[in-house]
Each structure stands twice: as C-alpha cells, then as structure tokens.
Number of protein chains: 2
Amino acid sequence: MRQAGRYLPEYRHLRERAGGFLELCLTPALALEATLQPVRRFAMDAAILFSDILMVPYGLGQSVEFVESHGPVLDALNGTEDLARLSLAALPERLAPVYQAIRELAGALAPETALIGFAGAPWTLASYMIEGGSSRDFLKAKAWAYGDRQGFSQLMNLLAEAVLAHLDAQIRAGAEIVQIFDSWAGALSGEMIETWSLAPIEAIVARLRARHPDVPIIVFPRGAGAAYKSFAENLRGCALGLDTSVPLSFAREELQPLVVVQGNLDPVLLVSGGAPMDAAVERILERLGPQRLVFNLGHGVLPQTPPEHVARLSERLRAKGSGPP
Amino acid sequence: MRQAGRYLPEYRHLRERAGGFLELCLTPALALEATLQPVRRFAMDAAILFSDILMVPYGLGQSVEFVESHGPVLDALNGTEDLARLSLAALPERLAPVYQAIRELAGALAPETALIGFAGAPWTLASYMIEGGSSRDFLKAKAWAYGDRQGFSQLMNLLAEAVLAHLDAQIRAGAEIVQIFDSWAGALSGEMIETWSLAPIEAIVARLRARHPDVPIIVFPRGAGAAYKSFAENLRGCALGLDTSVPLSFAREELQPLVVVQGNLDPVLLVSGGAPMDAAVERILERLGPQRLVFNLGHGVLPQTPPEHVARLSERLRAKGSGPP
C-alpha cells in the first residue's frame, strides 16, 4: 500500500510544490522525498516507492492525466487498431525518472529498510486504458475481453511484457521486493479471473523469478474473494496481499498453508483509531502471526487518517516484535 | 435482480410519465406496470416487484430523493441522536402503496408466474442512511459501527425490525418468495461481515420463517467473497444469491451442498450477447444445474443491455427446460 498521501501534511505541501501528480511521480527528487516522508515519520521496516500503477500506460505512450478530485484520465483505447499507439520500446526512456528515483532511494535508505517497487497487473491496467479512467461496471473493458478475445489478448500480452520490463528495471535500479497490484481483479467474473488476472500474473512471476530468483514478490488481487484460493495454489513462493474482506479464518486455514499472507486491517480503523483499531490489530496478529504474515492494511491509507493513528499502529507493531507495517 | 429498467424503452417511457423514481415506486398502478413490463416481453417464470431497497428508510420517515444521473440522496444520520427521526410505527402507512401494488400484482399475474418481494438488508440500508447516499469507502458508516457499537446496534436493531415488517407485509399482500439484498456486504471486513451482515439476516430469516414457514427466502450478500461459505452454513433452507465474482467450482463444491444457489451471469455478457454469452450460460447450467440452481444474473441488468439479448437468454433457458431467469 502506498504509505505517503494526502493524510500527511508534508505530502500535501510537496504535492502543491510539484504542480501535478504526474510531475511528482516523474521527478526523481520529488518521488524520493514522497517515498521518504512516511519512513521518516514512522520508521517503517520497508519503504514503498512513491509512484502510480498508471506509469506503465504512460510508459507505453498513452496520455495519462490526473485530474484533481476526479481521478485519472487516459485517451481510451477503443480496439486493436489503437494498440499501434502503444510502444514497448519507448517505456524504458519514458520511465527513466522512476528508475532514477529508485537508485537515489537505494542510496538514501538505511540498509535495514527494504525498498519495495511495484506495478499494476495487466487486467487492472487494461481496464484503465480501455475505460479511459476509473469505472463502475468495467463495461467497455469486459465487453472487449468477452467479444474480441484475440484482440484483447494482444493488449494483455503487451501489458505483461511492459509490467515485466517495469518490474525488472525497478529491481535492477535497487528495488529489493516487488508488488503486483491487481486492484480490479474483483470486477472479473469467477470464470474470467483465472484467465485475465491469475494467468498473466503467474507468467510474469515465472519470468521475473528466472531473472531475479531472490527477490520476493507480493501479489495483491483485490476483491478476488473465493478465488484467493486459486491464487495461493498457483503462486507458491509469493506473498499474497489480502484485501479487507478476506476472513481471517479463511486466510489462516486455506491460504497461509500455501503462501505468506499480507494484510488486512480495514483502513477505516486507522481513521477512527482507539480501542477498536487496537483490538483489530491484535486479532490479525493472533490469528495470522507471527510467522508467514506481513502486517499491512487491506487497502490504501484514507486521506482522512490522522497521522498519529499510523504512528500508534507502528509503535504497537514494533512493540509486538513484528516490526511496523 | 430488478428486471425492469432503463434498458426497456417502455420503462423509460413510464419513468417519464411518473415524474420521479420515488413516484414510480409509490404509485401502485405504475409499480404494477413496471413489474409487468419484462414479464410481458420475456415471459419470465417469476416477476420481481418493481420497488427499491430505500423504501425502508423512506418508510421509517427519512427523506429519500433519487437525483437523476447521480443516485439517491438521504438526509444522513449523524449519530444516535438522529434515530429519533425514524419511526417504525409510521412504516406500514408510508409503504401502503407498495403493498397495494403487490395485491394488484397478485391478481394480475398468471398463477404460474411467481411474485417475488424484497428488501435491503440492515447493513446496506444503514450504509445509505448514514452516508446519505452511495459511498466509495463507507467511511462514515463503518466508523460509526467501529466507534460506537452500542449506538450502531440500536440503528441495526431498528432496521432488522423494519425489514422484517416490510417483508412480512409483502408476503401478506401476496408475495410468494422474498429476497434480501445486502448489496454492500462486500464493503465489510472479513470480521465485520458476520456481525453486521450475516447475523442480522439470520435473525430476520428465523423470525420470518416462524410466521411464513413455506415462503422461500433468497439472500444475496453481494461481494461476500470467501465469507459466502459462512452464509451457506448458517442459512440452510434459504437460497443464496451469488455475485458475478463467485467461481462456479467454489459454488458447486462449497455452497451447493448446503443451499440452493442463484446466479451468476456477468451482466456485461447480456450487453455484448452472442457466442460468449451463450457459452457462459451453458457453463453455469452445466456446472451448477439443473437441480439446486435458480438461473439469474450476478448483478442487475445494465442500462446499455439490448432487450433482444434478454429475449435470447430467456428463450435458451426455456429450451433447456430450466425456465427463464
């Protein structure tokens, strides 16, 4: 989960200075600063690169804008004829500032603080690229996947290559762990999730491992529901990010025997804090810890979160000896 | 799932005549007409009352408006002090037009066409009532549930009474099957879903059964994910509505031995139609049919759906001998 964000006053300040969100991601000094802000404040065990999953569409040459209080806007792909607008060859240079930020971060972080890089998974990227932004029902993306399987596969294959290249470059620049976010896996039907979420991720993981056998990989198929089991079965050796809705009993009995799990505190608890937050943290640690668990939230930090609640959480986790999230 | 809707030209016409959505729900002749439209066109096995889950907040005296191309707007509850604004005693009279529509429908429908009534589940209703409408993160509703368990329980208990009263009145008016929609069950954490979705529904089901032992009850906890298993274990004798994301293998192996299942065609397939829709229908029937299955969509019909695709689906199902959805 992104650690920096609007809940931090120093981030809001930095964001104003940057001009736009894209500038923040693509200016190494600013991305470095945003990455370090939460680490300075909370002394996390790991820093997660400040970036965005839409760096890959941007790297492929699609126009990506972040419109204040609306969200991302992309020049939507309408069919295979639009794939010509995308160039895998252009990606390394367009994303060079991201890799530069990682190189600088690798030097700036204390050796005991791990650096996490990340990318969106092909399906989630495809959904933004086809819908032209966020979506409620993913009608356009799913209709393409259902109706023109060959054309959609072409896009998905291109995205798998791009995600692999992006993660590989991040590792070469100094990322020590990588995470793959399939934020909209839950929008896929129980039948499509294996085809368009799990299978492409599996292929990326296999190829990445061949190149970097020692780099841990975390896969977060948000909303996968009962299909989380298939992810665990097919991604042995990875860690599996659990969204908030995953019951701890299911995680412990069905998933943890197969994979390390990461998660899954409800971010709302970090907004309200107090005894309910403490109790929920305790429950996660008791049911899923201390082995084979990376404590984390089940989704991103909400802008309304008081930073003191994050501090309290970090301190409690450190006191438990599990390290901060 | 609501069968009538903006995808039907005759519905759009009726909606214009009605003036507003609330008027449509609360004018017996219009609700009757909206209910009958899809039955006339597609000769479904069952008709589902044209109404809305927000009838219960309206019945309790909360102000509910449906704002065109925005969604519902309610005068949000901000804490227990606002519960005084709600009156269980007022509900039967405020919702009398709904029961009148059911009485007229029971007379108008062919005896072989079953009439389905419905209500929202307490958690989903609470979320609209507290957020004042739809929500992305359910921050206000969940923060209340986490932070003031006693006050929130008071609201939830009131809602359980109201839902029970509403379903009971629908059955007495002529509904032959009832469905309970927990549309936002998936927003609850894996720990909260048992407390705030399953437990209240279980209690309502038990009390409704005591009064009407022969009326089938369908429970739809949308987004419950792996927790669907708990619903199946604790709602024996009910049918369980499956959202689109439920894998057919999980439904067959883990749920169907315990309950009848309903679902779960992706509504996007009904928009795109053709061979992919036919194949997906076939797969559901093969994997889950013909016993212990009520064929249905995994979510509501999308406005972009061509009515001919619904017609084709109905015909194919009828040809298969499973009856239309």
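In this predicted model, strand 7 (residues 239-241) and strand 8 (residues 260-265) of chain A pair in the parallel sense over three bridges, where strands are DSSP runs of E with at least two residues, helices are runs of H or I with at least four, both numbered from the N terminus, and two strands count as paired if DSSP finds at least two bridges between them. One of these bridges joins A:Ala239 to A:Val260 in strand 8 of chain A. The pair belongs to an open sheet of seven strands in chain A, with parallel pairing and the order 1-4-5-6-7-8-9. Strand 1 (46-48) and strand 9 (293-297) of chain A stand at the edges, each with a single partner strand, so one side of each is left without a neighbour in the sheet. Neighbouring strands of this sheet are turned against each other by 25° on average, direction ignored.

Residues are numbered from 1 along each chain as its sequence is written, while chains are lettered from A and ligands numbered from 1 in the order in which they are written. Local features need pLDDT of at least 70 and side-chain atom pairs count only at pLDDT 80 or more, whereas totals for chains, interfaces and linings use all residues, and side-chain values use heavy atoms, with hydrogens and water left out.

Chain B likewise holds an open sheet of seven strands in the order 1-4-5-6-7-8-9, with parallel pairing. Its edge strands are strand 1 (46-48) and strand 9 (293-297) of chain B, each pairing on one side only, and the twist averages 25° from one strand to the next. Strand 8 (residues 260-265) and strand 9 of chain B pair in the parallel sense over five bridges, with B:Asn264 standing opposite B:Asn296 of strand 9. Helix 9 (residues 149-173) of chain B packs on this sheet, touching strand 4 (114-120) and strand 5 (177-182) of chain B, and its direction makes about 165° with that of strand 4; axes here are lines fitted to C-alpha atoms, for helices over the stretch in contact, and angles run from 0 to 180 degrees between N-to-C directions.

The axes of helix 8 and helix 9 of chain B come within 5 Å and cross at roughly 115°. Their contact (heavy atoms within 4.5 Å) is made by B:Ala141, B:Trp144, B:Ala145 and B:Gly147 of helix 8 and by B:Arg149, B:Gly151, B:Phe152 and B:Leu155 of helix 9.

Turning to charged pairs, a search of the whole structure finds 32 salt bridges over all chains, a salt bridge being a side-chain nitrogen of Lys or Arg within 4 Å of a carboxyl oxygen of Asp or Glu. A:Arg207 forms one with A:Glu161, the closest N and O atoms being 3.1 Å apart. A:Arg207 lies in helix 10 (residues 192-211) and A:Glu161 in helix 9 (residues 149-173) of chain A, so this pair ties together parts that are 46 residues apart in sequence.

Between the two chains, the contact takes 30 residues from chain B and 30 residues from chain A. The area buried there (the accessible area, with a 1.4 Å probe, that two parts lose on being put together, summed over both) is about 2500 Å², of which carbon and sulfur atoms give 66%. B:Leu139, B:Tyr146 and B:Glu191 supply 24% of the area that chain B buries against chain A, more than any other three residues. Four salt bridges are found across this interface, and B:Arg283 forms a salt bridge with A:Glu191, with the closest N and O atoms 3.5 Å apart.
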